[in-house]
Amino acid sequence: MDVLVEARRLGRRFGKVIALREVSLTISSAEVVGLLGDNGAGKSTLIKILSGVLRPSEGMLLWEGREARFESPRDALDRGIATVHQHLAVQPLLSVARNFILGREPERGWGPFRRLDMRRARAITEAEMARMGIDLRDPAQPLGTMSGGERQCLAIARALYFGARLLILDEPTSALGVKQAALVLRFIRQAREEGVGVVLVTHNVHHAHAVADRYIILERGRLRGTFQRAEVGTGELLDLMAGASTLEAELAGRARSDST
């Protein structure tokens with residue numbers, strides 16, 4: 001596996017608030033990394049830095065061994081870093097095919113006679129969804145007729161088709177049922193098999209444990225640790241994410257308060 005991203009002592013401040021402090025990590029091709037942590041752990045800040053939304057206040061970010069200073073999400077996307085957010089940037093009333101090629105529409109003709117090549121757009125959409133194991137009923141159907149899991153899969157397939165080498169997925173299964181979540185997790189495994197590096201941001205340790213090769217745990221803006229899948233079980237992951245000692249202390253304090 002080749003290292004795609006390396007972060008060296010990354011930090012991010014918002015005024016006096018420290019959202020991220022001295023976080024160092026690597027993400028390689030052909031692996032799934034589960035990025036875990038409680039609310040406020042710094043996950044969102046970290047993926048915003050990786051995807052070009054924010055610049056780090058301290059530290060250095062390297063892409064394929066060279067220092068990278070992303071000016072915008074488009075800059076990161078051009079390097080091969082694609083982010084699929086929890087709330088998908090899709091248009092439910094447009095067709096599946098139009099959503100698939102949105103922003104990168106194929107054209108035919110030349111000069112002032114150029115126009116959208118919908119035949120090619122439909123063919124691309126149908127072929128790419130079939131390659132990922134989804135039998136699309138009709139690429140011309142409105143996207144709103146697809147399930148939540150199918151929409152997530154379309155967003156992933158779209159990112160892969162347009163050349164993503166690092167795929168950042170922000171809570172892709174949070175609003176899905178069991179079957180739809182399983183569909184998305186299968187997509188994630190397939191992306192890894194195709195050599196893509198995947199960062200899976202999730203609160204669901206069972207979903208993370210099903211597909212992740214490694215776990216990166218953040219706590220209050222700091223790196224708590226990096227663990228191989230074989231080193232920890234789901235129970236230990238929950239303790240690392242939420243801080244079992246903190247929870248026990250809070251419950252003990254609440255119990256003492258109730259007894260007085």
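In which sense do strand β6 (residues 81–84) and β9 pair, and over how many bridges? The two run parallel, over four bridges; strands count as paired if DSSP finds at least two bridges between them. Keep in mind that this is a predicted model, where local features need pLDDT of at least 70, side-chain atom pairs count only at pLDDT 80 or more, and totals for chains, interfaces and linings use all residues. Residues are numbered from 1 along each chain as its sequence is written, and side-chain values use heavy atoms, with hydrogens and water left out.

**Strand β9 and its neighbours**
- To get from β9 to β10 the chain passes through helix α6 (residues 178–193), a right-handed β-α-β crossover.

**Burial of β9**
- Five of the five residues in β9 (residues 166–170) are buried, so the strand is largely enclosed by the rest of the structure; buried means under 20% relative accessible area (1.4 Å probe, protein chains only).
- Leu166, Ile168 and Asp170 cover one side, while Leu167 and Leu169 are on the other.

**Helices α4 and α5**
- α4 (residues 118–131) and α5 (residues 148–161) pack at about 105°, axes 10 Å apart.
- That makes them roughly perpendicular (65 to 115 degrees).
- Ile124, Glu128 and Met129 of α4 meet Glu150, Leu154, Ala157 and Tyr161 of α5, with contact meaning heavy atoms within 4.5 Å.

How values were computed. Axes fitted to C-alpha atoms, helices over the stretch in contact; angles between N-to-C directions. Parallel < 35°, antiparallel > 145°, perpendicular 65-115°, else oblique. Buried < 20%, exposed > 50% of the residue type's maximum accessible area, 1.4 Å probe, protein only. Right-handed = clockwise from strand over helix to strand, strands pointing away.
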